[in-house]
Amino acid sequence: MSSDDPSAPPPSGVIGTDRLVLRPWRVEDAAAALEVYGSAEVTRWLSPVMDRVPDLAAMRLLLQRWIAEDGRLTAPAGRWALHRADDDRVIGGAVLLPLPPGDEDLEIGWQLHPGAWGEDYAGECAFALARLAFEHGVDEVFAVVRSDNAQDAAAIRSNGMYWVGETRKYFGLELQVYRLRAADLDRAAPEGHRPPR
């Protein structure tokens, strides 16, 4: 089948939504990734703590490390470049990663270029990753947010994730923890069991 065939399956590791394509990172994404991870507005909220990536060479090295680590992860865990389907521009990154300690919980996360904030790309990305996790038999996914990051906490709640509490269990930081279960995505579930709109 041709790649133009809408019935063709997506390439391995690629997730599509109405407006987004999530695909594995490539080293040649470094310039676009630097626009995201080189922004202090983005990195100041990340957990684990991550310094702003200072330059293109450092971004290439980080992408090489992520790509190598992804090769050792068990599905559905991974990292993806997040880009808009209409113009193929990388606007961020997305993760489904085991949370330390113990790697018992699976974190769902996204990092968007500040110019892409406010478009609900986070919600679209979150539901795509959650569906992927649930299709692989994962019962629940978690998002962790720094306690003073009210904007991300509000976005996470608007995407149907439920507040669980606060902890220092992950990364040694004071974090709010949110959870999403498979039933939360089930649109046939009773109204009280579905994410808020």
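The legends below describe an overview and several close-up views of one predicted protein model. In this predicted model, local features need pLDDT of at least 70 and side-chain atom pairs count only at pLDDT 80 or more, while totals for chains, interfaces and linings use all residues. Residues are numbered from 1 along each chain as its sequence is written, and side-chain values use heavy atoms, with hydrogens and water left out.

**Overview. The protein contains six helices and eight strands.** Helices (H or I, at least four residues) and strands (E, at least two) are DSSP runs, numbered from the N terminus. Their order from the N terminus is β-β-α-α-α-β-β-β-α-β-α-β-β-α. Of the 197 residues, 45% are buried; buried means under 20% relative accessible area, exposed over 50%, and partly exposed in between (1.4 Å probe, protein chains only).

**View 1. Glu-124 sits in helix α4 (residues 121–135).** Glu-124 counts as buried because its relative accessibility is 18%. A polar atom of its side chain lies 3.3 Å from the backbone nitrogen of Asp-18. With neighbours within four places in sequence left aside, Glu-124 is in contact (heavy atoms within 4.5 Å) with Thr-17, Asp-18, Arg-19 and Leu-20.

**View 2. Arg-23 and Asp-29 form a salt bridge.** A salt bridge is a side-chain nitrogen of Lys or Arg within 4 Å of a carboxyl oxygen of Asp or Glu. Here the closest N and O atoms are 2.8 Å apart. Arg-23 has 9% relative accessibility and therefore counts as buried. Asp-29, at 6%, also counts as buried. The whole structure holds eleven salt bridges.

**View 3. Arg-84 and Asp-87 are joined by a salt bridge.** The N to O distance is 2.8 Å. Arg-84 counts as buried at 17% relative accessibility, whereas Asp-87 counts as partly exposed at 39%.

**View 4. A salt bridge connects Lys-169 with Asp-105.** The N to O distance in this pair is 3.6 Å. Lys-169 lies in the loop between β7 (162–167) and β8 (175–181) and Asp-105 in strand β5 (residues 105–112), so the pair ties together parts that are 64 residues apart in sequence. Lys-169 is partly exposed at 39% relative accessibility, and Asp-105 is buried at 17%. Elsewhere, salt bridges with shared partners join Arg-65, Glu-69, Asp-70 and Arg-79 into one network.

**View 5. Trp-25, Tyr-37 and Trp-66 form one aromatic cluster.** Rings of Phe, Tyr and Trp (its six-membered ring) pair if their centres lie within 6.5 Å; planes under 30 degrees apart count as stacked, over 60 as edge-to-face and the rest as tilted. The whole structure contains three aromatic pairs. The ring centres of Trp-25 and Tyr-37 are 6.3 Å apart and the planes meet at 65°, so this pair is edge-to-face. Trp-25 lies in the loop between β2 (20–24) and α1 (30–37), and Tyr-37 lies in helix α1. Both Trp-25 and Tyr-37 are buried. The rings of Trp-25 and Trp-66 have centres 6.1 Å apart and planes at 50°, so this pair is tilted. Trp-66 lies in helix α3 (residues 56–70), 41 residues from Trp-25. Trp-66 is buried, as is Trp-25.

Conventions. Polar contact = N/O pair within 3.5 Å; in protein donor to acceptor, adjacent residues only side chain to side chain.
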